[in-house]
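Let's take a walk through this one together, beginning at the ligand and finishing with the backbone. Keep the viewer open as you read.

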Amino acid sequence: MKIPFQDLKQQYLFIKPEVDSVIEEVIENTSFIGGKFVKDFEKNFARTYGVKHCIGVANGTDALYITMKMLGIGQGDEVITTALSWISTSETITQAGAKPVFVDIEPELYTIDPEKVEEKINSKTKAIIPVHLYGQMCNMDRIMEIAAKYNLKVIEDCAQSHFSEFKGKRAGLYGDAATFSFYPGKNLGAYGDAGCIITEDDSLAMKMRMFANHGALKKHEHKMEGINSRLDSLQAGILDVKLRFILNWTDLRVANAKLYQKYLSDIAEVSTPSIRKDSMHSFHLYVIKLNEKRDELMKYLSEKGVSTVLHYPTILPLLEAYEYLGHTAQDFPVAFDLQQKMCSIPMFPELREEQIRYVAECIKSFYLNQKK
Ligand SMILES: *Cc1c(COP(=O)(O)O)cnc(C)c1O
């Protein structure tokens, strides 16, 4: 059996008539930048999500950068974020002119540890960027409490957590603003780069929209300098089609995670993901923790036709890019331990039970062979 890490082709075939027709429509309309398709998607995403403003941008990285710039974060400021994420989260802090300050993760839940945030706060701290990693929401009660106490902005990085929930409230509805990526492999993925920002704040929304479009809401009326980071119409049209299926696809991910849990639970060497109490984990990724022989297992699975990936092979503070900060593994013991033991196994809505069972059986047989 061959099991891909994700299967975007299968998903496309399922929605092919709708996608093909919207692509044709955009081209017929020659409204390639802005216009009806972008407006419709922004409106529909905001409505489906339950938020006032949605601003389409070029990608999830720009979404973070634009948000920080328009919240006034810059030179001399510090922004606190997690040690375990994709580099966009921290590189945009630097792009904005501020300094990234990393915090270790919670054991078993893998998101930023709120109990370790407070000790990193000083007079330069301006914001916290919680990342709802793998689809798991951060402890937003504690993070919002800390942010209120120290008057910090909160930008939720929702690139991996479309429609996740904590205490009945969706990821992105807690902070001052939240950013999404629609990179093809994300839970809601375009057919190219795309992203958006959501917020309830009218004035912030207006500023972010302006900044993303050369500082102008109307052509040639540049109220400030900005950047070119727009959601293009082809992507917006495709995303609008996929938006109709996202809640169903999320349910399928959750169901697949339950099946993995069932088939993997009796393997002593494997820890399956824990789900935060009172929350809905949207399982962008299914990351297991292997207490021994992780690399050997990955090689074995590859021989058996099962694709696996590391998210991420090196935690952010230990990347060469952050050598100048002088961090060591001992500064982030929980994240570093996970770095050595994690492994993402195939997860996508269309995954079938027999495939999940096969993956689990391969893992089981690998560890049985080790004991012989
Ligand atoms: C994917 C991702 C981003 C960046 O999104 P792009 O659209 O690829 O720029 C940011 N943060 C996290 C946590 C991500 O996983």
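This is a predicted model: local features need pLDDT of at least 70, side-chain atom pairs count only at pLDDT 80 or more; totals for chains, interfaces and linings use all residues.

Start with the ligand, which sits in the second largest pocket. There are 16 residues around the ligand, and the ones that come nearest are Gly60, Thr61, Asp157, Ser181 and Lys186. Sort the shell by class and you get 8 polar, 6 nonpolar and 2 charged residues.

Now zoom in on the ligand's oxygen atoms. Thr61 has a side-chain N or O atom 2.4 Å from one of the ligand's oxygens. With Gly60 the backbone does the work: one of its N or O atoms is 2.8 Å from a ligand oxygen. How much of the ligand does the protein bury? On its own the ligand exposes 380 Å², and 93% of that is buried by the protein.

Next, leave the pocket and look for rings. The whole structure holds 21 aromatic pairs. One of them is Phe14 with Phe245: the ring centres are 5.7 Å apart and the planes meet at 70°, so this pair counts as edge-to-face, the label for planes over 60 degrees apart. Trace the chain between the two and you'll see that the pair links distant parts of it, 231 residues apart. Phe14 belongs to helix H1 (residues 8-29), while Phe245 is in the loop between helix H7 (233-243) and helix H8 (246-264).

Last stop, the backbone. Most peptide bonds are trans, and most residues other than glycine have a negative phi. Against that background, check the bond joining His311 and Tyr312, which is cis with omega at about 15°. Tyr312 is in the loop between helix H9 (294-303) and helix H10 (333-341). Then there's Asn151, a non-glycine residue whose phi is positive, near 60°. You'll find Asn151 in the loop between helix H5 (140-150) and strand S5 (153-157).

Terms used. Residues are numbered from 1 along each chain as its sequence is written. Side-chain values use heavy atoms; hydrogens and water are left out. A residue is near a molecule or strand if one of its heavy atoms lies within 4 Å of it. A polar contact is a pair of N or O atoms within 3.5 Å; within protein, one must be able to donate a hydrogen and the other to accept it, and residues adjacent in sequence count only if both atoms are side-chain atoms. Accessible areas come from the Shrake-Rupley method with a 1.4 Å probe; for residues, only the protein chains shown count as cover. On a 1 Å grid over the protein atoms alone, a cavity is a set of points where a 1.4 Å probe fits but cannot get out, and a pocket is an open set with protein on both sides within 12 Å along at least five of seven lines; lining residues have an atom within 4 Å of a point. A molecule sits in a cavity or pocket if more than half of its atoms lie within 2 Å of its grid points. Ala, Val, Leu, Ile, Met, Phe, Trp, Tyr, Cys and Pro count as nonpolar, Asp, Glu, Lys and Arg as charged, and the others, Gly among them, as polar. Rings of Phe, Tyr and Trp (its six-membered ring) pair if their centres lie within 6.5 Å; planes under 30 degrees apart count as stacked, over 60 as edge-to-face and the rest as tilted. Helices (H or I, at least four residues) and strands (E, at least two) are DSSP runs, numbered from the N terminus.
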